[in-house]
Amino acid sequence: MYQVLTNRLREALAGHIHEKYGVELAIVLERPPKIEMGEAASPVCFELAKRLKRAPRQIAQEIANGLGKIEGIARVEVAGGGYLNAFFDRRGFWEALRQAEAKGPAGMPALRTEKIIVEHTSINPNKAAHIGHVRNSVLGDTMVRILRHTGNRVQIQNYIDNTGVQVADVVIGFLQMEKVTPVWLKNRAMEPKFDYYCWDLYAKATNFFAEDKARAEKLRGATLRAIEEGQGEDAEVAQVVADAIVTCHLRTMARLEIHYDLLARESEILHLHFWDAAFEMLKKSGAIQLATTGKMAGCWIMPWKEEVKEGKKVEEKNEKAEDDENMQDKIIVRSNGTVTYVGKDIAYQLWKFGLLGKDFHYRKWPNAPEGHTVWATTSDKDDPGAPHFGEPAATVYNVIDARQAYLQKVVAMGLQALGHGKAAEQSIHLSYEIVALTPRCAAEMGYELSPEEAKKPYVEVSGRKGFGVKADDLLDKLEEATLAEVQQRHAEMRADEQKRTAHAIAVGALRFFLLKFTRSSIIAFDFKDALSFEGETGPYCQYAVVRIRGIRRKGAEVGATNVEVTAENVGQFLAGVEGNGLWQLLAAAGSLDYAVDAAIATQEPAFVAKYAFQLAQEFNNFYHKHHILTEADEQKRAFLLRLTELVEAQLVRALSLMGIEAPEKM
RNA sequence: GCGCCCGUAGCUCAGUUGGAUAGAGCGUCUGCCUUCUAAGCAGAGGGUCGGGAGUUCGAAUCUCCCCGGGCGCGCCA
């Protein structure tokens with residue numbers, strides 16, 4: 001609602017200024033520091049003063065007088081040195097918000113026809129998921145929810161690198177180190193915690209390779225080739241491992257309410273010759289070149305081009321470095337003819353935009369979490385019921401950590417070089433920083449810190465070394481802690497209800513914890529912070545909802561909910577200085593669209609987390625000032641009840657955008 | 001060496017395209033539960049926004065330089 005009004009105000013101001021002064025200006029709007037100063041303010045007159053060479057306050061006065069009535073805005077005043085402060089029509093805001101709420105999701109904008117792909121999770125299928133992977137999945141999943149909320153058609157993809165080095169390492173671990181048979185492995189893979197087993201084995205394999213580099217290279221090369229070709233025992237074992245681990249990951253993510261539409265597997269990129277098609281295109285267009293001299297001789301490389309900014313070419317500054325090799329050039333095909341990860345990713349990215357001229361075959365993933373259908377790519381025959389995954393996307397979000405920024409740039413450059421500038425532009429690297437551990441947390445995990453590490457603010461996790469906080473362990477710990485708390489508070493609750501509640505709180509705590517930081521912030525993980533349920537946390541927000549529901553339940557019991565509030569009374573309760581407190585809560589409730597727009601514009605889900613927390617905070621503040629059910633004035637009581645219902649609806653929605661459920665009691 | 005990111009209260013972080021007196025949580029201290037759940041609320045204390053210069057009516061935000069930290073730049077992914 002807030003965004004609707006500010007957009008209206010923006011248009012009105014722009015139009016008026018253009019008409020009166022003949023100046024085209026982008027209207028900047030900000031939120032005044034205090035509610036007494038209105039709900040939206042524009043410093044546009046300062047800019048205008050410069051152009052018109054007149055005093056800003058004078059111009060502001062002129063505009064305030066000349067600007068006609070804007071629907072939903074009661075008045076526009078001049079403030080400070082020349083601010084234009086807009087005051088919303090409080091009663092109108094109330095009514096509009098209630099109407100929108102009554103309409104429900106049907107009142108959402110019409111579904112857009114373009115397709116958006118969000119790729120997230122994409123964990124190497126050779127070990128259990130850790131906390132860093134969860135940040136990826138939670139960010140991606142939340143982005144999906146926000147995009148869908150605003151009427152976008154979104155498809156969720158999870159890329160499975162089932163033919164890569166990491167899987168190969170575990171295969172070697174099983175076959176060369178543990179010397180197990182494929183039959184044994186198939187049985188073990190069905191048992192619980194197979195991902196934990198591989199977690200340890202992967203660490204062991206890393207050590208094994210470190211002992212003898214030459215042996216490692218030979219084994220890896222042979223295993224990798226076998227897996228890529230899909231032949232023999234190595235390939236068979238690799239598929240058993242990768243499939244079983246993917247199923248583990250799906251189960252872990254399902255605990256966090258994260259699901260996928262399609263598992264895009266690298267094996268199909270190879271077997272269905274996606275790469276061959278992309279390779280031809282890249283060669284033909286000259287996007288990649290065969291290096292004939294230097295240390296990259298025999299490789300197909302993509303030359304690094306300086307960016308073209310606003311039409312003007314930045315000077316090619318690598319004239320001198322040209323004679324030998326450019327450090328930035330990226331090898332796409334190795335001299336032995338095998339393709340690098342980036343090459344495969346270019347092919348995959350081309351497919352996402354429908355530019356490859358090829359499509360996968362699709363089948364249902366056999367071990368999807370209960371109640372969900374997940375599709376996977378296959379080289380075999382199509383399931384006729386499969387959705388049309390090959391439909392070109394207009395925009396693609398790739399949720400990948402910040403360390404891979406360079407590679408993502410190379411991929412986009414590949415699209416650009418093939419003449420797909422639009423696709424390159426709509427190929428968005430949703431970058432985020434890593435989750436590390438505080439030194440204290442690392443020590444808790446049994447990791448021996450060097451004196452230097454102990455002084456640093458964080459220690460990086462390493463899947464290779466088997467060092468990190470596993471997602472399932474963390475969830476178990478959270479659920480244990482929340483369950484103990486719920487049992488203590490609600491002994492009367494049925495056991496399964498207690499468990500469900502504890503689960504919801506655990507998920508709320510974890511998801512909120514990962515979302516409250518902006519993407520560029522490194523999270524130094526600590527159990528103490530993650531297990532905290534007070535202050536700026538998910539449970540704090542959930543608790544506000546629970547309080548409202550408590551009031552509603554009790555209100556219904558005593559029959560306080562059936563009174564209709566007259567429009568006049570609504571206006572009166574919200575009016576003036578006395579109404580400021582209530583109005584502030586109402587305005588906060590009506591500002592979800594503002595947070596959502598900001599989240600999409602900046603691809604920063606943290607805006608929604610911030611919003612939910614602030615609304616919960618406003619509510620708690622209100623809760624302590626007003627005792628609703630004992631309010632003597634029947635009209636006022638009914639009004640306060642309606643107000644809390646509005647808050648509840650918005651807060652529940654904000655939480656659901658983050659994949660957080662608000663329990664009935666907690 | 002080149003490129004990207006970061007530096008804001010004791011700690012962890014917000015601060016939207018430059019805007020009004022720089023905010024929140026945690027921690028510390030002081031209060032508030034016979035009243036809709038205290039996973040809560042109120043209050044106090046806490047700042048050269050890393051440093052310097054510049055652009056601007058206006059800079060935590062933009063530009064440049066410097067300091068400090070992180071990451072990337074591999075025939076790994």
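Two strands count as paired if DSSP finds at least two bridges between them.

Three strands make up an open sheet, in the order E1-E3-E2, and their pairing is antiparallel. Strand E1 (40-42) and strand E2 (73-79) are at the edges with a single partner strand each, so one side of each has no neighbour in the sheet. From one strand to the next, the twist averages 20°.

How many bridges join E1 to strand E3? There are 3, and E3 covers residues 83-88, running antiparallel to E1. One residue pair to look up in your viewer is Ala41 with Asn85, its bridge partner in E3. In general, strands of a sheet pair through backbone hydrogen bonds, either parallel or antiparallel.

## Around Arg255

Arg255 belongs to helix H10, which spans residues 232-255. Which side chain does the side chain of Arg255 meet in a polar contact of 3.0 Å? That partner is Glu479.

Glu479 is also among the contacts of Arg255 once neighbours within four places in sequence are set aside.

Chain A has an average pLDDT of 90, and 95% of its residues score at least 70. Residues 307-326 fall below 50, and this stretch has 10 contacts in the model beyond near neighbours in sequence. Where pLDDT is low, predicted coordinates should not be read in detail. For the model, ipTM is 0.95 and pTM is 0.94.

Technical notes. Residues are numbered from 1 along each chain as its sequence is written. Chains are lettered from A and ligands numbered from 1 in the order in which they are written. This is a predicted model: local features need pLDDT of at least 70, side-chain atom pairs count only at pLDDT 80 or more; totals for chains, interfaces and linings use all residues. Side-chain values use heavy atoms; hydrogens and water are left out. pLDDT is the predictor's confidence in each residue, from 0 to 100. Contact means heavy atoms within 4.5 Å. Helices (H or I, at least four residues) and strands (E, at least two) are DSSP runs, numbered from the N terminus. Axes are lines fitted to C-alpha atoms, for helices over the stretch in contact, and angles run from 0 to 180 degrees between N-to-C directions. A polar contact is a pair of N or O atoms within 3.5 Å; within protein, one must be able to donate a hydrogen and the other to accept it, and residues adjacent in sequence count only if both atoms are side-chain atoms.
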